[in-house]
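Hi,

Here is the structure I promised to pass on.

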Amino acid sequence: MNTLALSVMLFTMISVTVVTIYFFILVLKTPPRPEPDSYSENDDEPRP
Amino acid sequence: MSANNESWGSRVGLILAMAGNAVGFGNFLRFPVQAVQNGGGAFIIPYLVCFLLMGIPLLWIEWSIGRFGGRFGYHSTPFILNSLDKRRFWKYLGVFGVWTNIAVAAYYCYLESWTLSYVYHSLVGSFSDLSQTQIAQFFNDYVNLSVSTSGIPYEPIFFFVVCLALNTWVLSRGLSGGVEKVAKIGMPLLILFGMFLAFKGFTITAGEDGAINDSSVGLNFLWTPNFDSLWSPKVWLAAAGQIFFTLSVGMGSIQCYASYMRSKDDIALSAMSAGWMNEFVEVVLGSSIIIPIAVGYLGIDNVIELTKSGGLGLGFRTLPYLFYQWGDLLGALSGVMWFGLLFFAGITSSLAMGTPWMSFLMDEFKWKRESAAWSFGIIVFVLGMPTVLFFNYGVFDEYDYWSGTVSLVVFAMIESILFAWVFGIDKGMREINAGSDIQVPNIYRFIIKYITPTFILLVFLSSLVTPKDGNWDEALSGNWVLDDSSIIRKITNAGLKEQITAATDAATKANLEDTLMFVNGSRLLLVVLFLSITYLVYVAYNRRLKEGEI
């Protein structure tokens, strides 16, 4: 592979992967909001 | 009291469903082809610029519009748009957000059914002893109803019905019980299958298993940047178009999904996470499969020729043959993975297309979820059958052009103007930032107000007057001849009519005349659908007025 193509490919792929993982980890690490929130899985009582 | 008490199960589930909505066939079939045709590695520059200036702002706009409307109990765009501004016409413009989904689902589910069928054929080994030409012919036979490739009579109709029934059943299970579960299973599997095929794409060695090139040749072909292309408007418009279609913005499904969120919950970070997940699948996985594998076995010249008709031909007519160069077992396994990942990409998108219509019926006409889901299945079946029966007469392409291309741009333009200029950018930014887990950079106030609508307008204008063969340099130098794909030429059927006039052979002429009839017929169907939904919105509005809800 020529150096320029390899550089563009690696830079793009690594950047996109890092940003994707960064935002997803941020989502996972953010503590849930107090109830009632938008999500039913953490409800104390099942929704109707 | 609305019968609609849907909710999401978890935040990760919502993000996966949103990402699944965005990830579609285009991530694997359209993006790599666009890249090789528009500057190779240099294409990534306009592509990412458009993602930052148009894609992300539109995601934030749609997520926040949806969540805002949900506050008033609205879960479909006619009434969501009307909640941002009280003037009546907004709800009729919001019809686009229901209509587009049904119309796109009508042909998209047919495409999805091909992947289901090809998973089956990969499993039973239908491709194992076929030559490249025979596999290409296999596809032609498949879409031609007169030949059954598996012994099942009317095979495309059978798989279309199975696919629709599956979609309908999942939709009838609700957001957390159906859509979210499919996304939680489908998205990780899609990424896993994609990584396996990308690994194969990266490890092809010339001389082994019939390969004529190393992977590096295909990757060079795809990633070598032609920086001169950055000066071409064609490349920028292609990048903007790709961002548009890959994120599923301008459809009405994102607003619908987001309308089931509460105002104190984050949308800014969730939208970023879902958007970047789509980019990962497209840029990292999408670029590592079809081009390196196809170039490895067929060479650059053949791939250039094959990509002229888009990625669909490469994906269905060529890849099954190339997989079998790795042996029967790995060929079958790779076929299952390739068409399996396309199936998951498809179903997570088609499920998103069902929810706006269902939400509309549940909100406005108090329908139960199951009945609403079945009504979606039936409408898509009726509307989709012409794409199955008359595929060779351009019905599929006609649906795709008007509902899957033009309508998205028009609706995105409408909502971006409504959000930034009518609802107001101050209120809009407050809405995006409400409950946010990240601080949206202040520069986005300017971008959302000026840059994003301008970008969308440019995409629309360029579609309206696309110059012949996309040659903008010649058009801008004064010789502006419209391409047959431009809206102006398309709406008048100018290209088709010229072909009819030029045809000398009676059979060809008759075939083109039939095509013209089917093209007009499919447009009529789309118009009837749009007017029917508009009428239902009118009835729903009057009902709300009568009940004092407005």
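Below is what I found in it, chain by chain.

First, the housekeeping. This is a predicted model, in which local features need pLDDT of at least 70, side-chain atom pairs count only at pLDDT 80 or more, and totals for chains, interfaces and linings use all residues. Residues are numbered from 1 along each chain as its sequence is written, while chains are lettered from A and ligands numbered from 1 in the order in which they are written.

On confidence, the model scores ipTM 0.94 and pTM 0.94. Chain B has a mean pLDDT of 94, with 99% of its residues at 70 or more (pLDDT is the predictor's confidence in each residue, from 0 to 100).

Chain B overall

Chain B has 25 helices and 0 strands. Helices (H or I, at least four residues) and strands (E, at least two) are DSSP runs here, numbered from the N terminus. The C-alpha atoms of chain B fill a box of roughly 70 × 50 × 50 Å along the principal axes. Its radius of gyration is 23 Å, which agrees with the value near 24 Å that a compact globule of 550 residues would have. That radius is taken over C-alpha atoms, and the globule rule is 2.2 Å times the number of residues to the power 0.38.

Of the 550 residues of chain B, 56% count as buried. The cut-offs work like this: a residue is buried if 20 or more other C-beta atoms lie within 10 Å of its own, exposed if 12 or fewer, and partly exposed in between, with C-beta atoms placed from the backbone. As for contacts in chain B between residues at least 6 apart in sequence, 79% join residues at least 24 apart. Two residues are in contact if their C-beta atoms, placed from the backbone, lie within 7 Å.

Helices to look at in chain B

Helix H21 covers residues 443-464 of chain B, 22 residues in total, and reaches 30 Å from its first C-alpha to its last, close to the 32 Å expected at 1.5 Å a residue. The expected span is 1.5 Å times one less than the number of residues. H21(B) has a kink of about 35° at Lys449(B), shortly before the proline Pro453(B); the bend at a residue is the angle between axes fitted to the seven residues ending there and the seven starting there.

Among the buried residues of H21(B) are Tyr444(B), Ile448(B), Phe455(B), Val459(B) and Pro453(B) itself. What do the buried residues of H21(B) pack against? They pack against helix H4 (44-70), helix H12 (233-246), helix H20 (395-433) and helix H23 (487-491) of chain B.

H5(B), residues 77-84, is mostly covered, with 8 of its 8 residues buried. They include Pro78(B), Phe79(B) and Asn82(B).

Asn433(B) lies in helix H20 of chain B. Leaving out residues up to four places away in sequence, Asn433(B) touches Ala268(B) and Val440(B). Asn433(B) counts as partly exposed because it has 17 C-beta neighbours inside 10 Å.

Tyr154(B) has phi near 50°, a positive value in a residue other than glycine. Tyr154(B) sits in the loop between helix H8 (132-143) and helix H9 (155-172) of chain B, and with 14 C-beta neighbours inside 10 Å it counts as partly exposed.

Asp469(B) also is not a glycine, yet has a positive phi of about 55°. You'll find Asp469(B) in the loop between H21 and helix H22 (472-476) of chain B. With 13 C-beta neighbours inside 10 Å, Asp469(B) counts as partly exposed.

Chain A comes to 1 helix and 0 strands, and its C-alpha trace spans about 60 × 20 × 10 Å along its principal axes. Of its 48 residues, 17% count as buried. The peptide bond from Glu35(A) to Pro36(A) is cis, with omega near 0°, and Pro36(A) is in the segment after helix H1 (3-29) of chain A.

The contact between the chains takes 26 residues from chain A and 33 residues from chain B. Helix H1 (11-22), helix H11 (215-223) and helix H14 (268-285) of chain B each supply at least two residues of the side that touches chain A. H14(B) gives the most to that side, with 10 residues.

Best wishes
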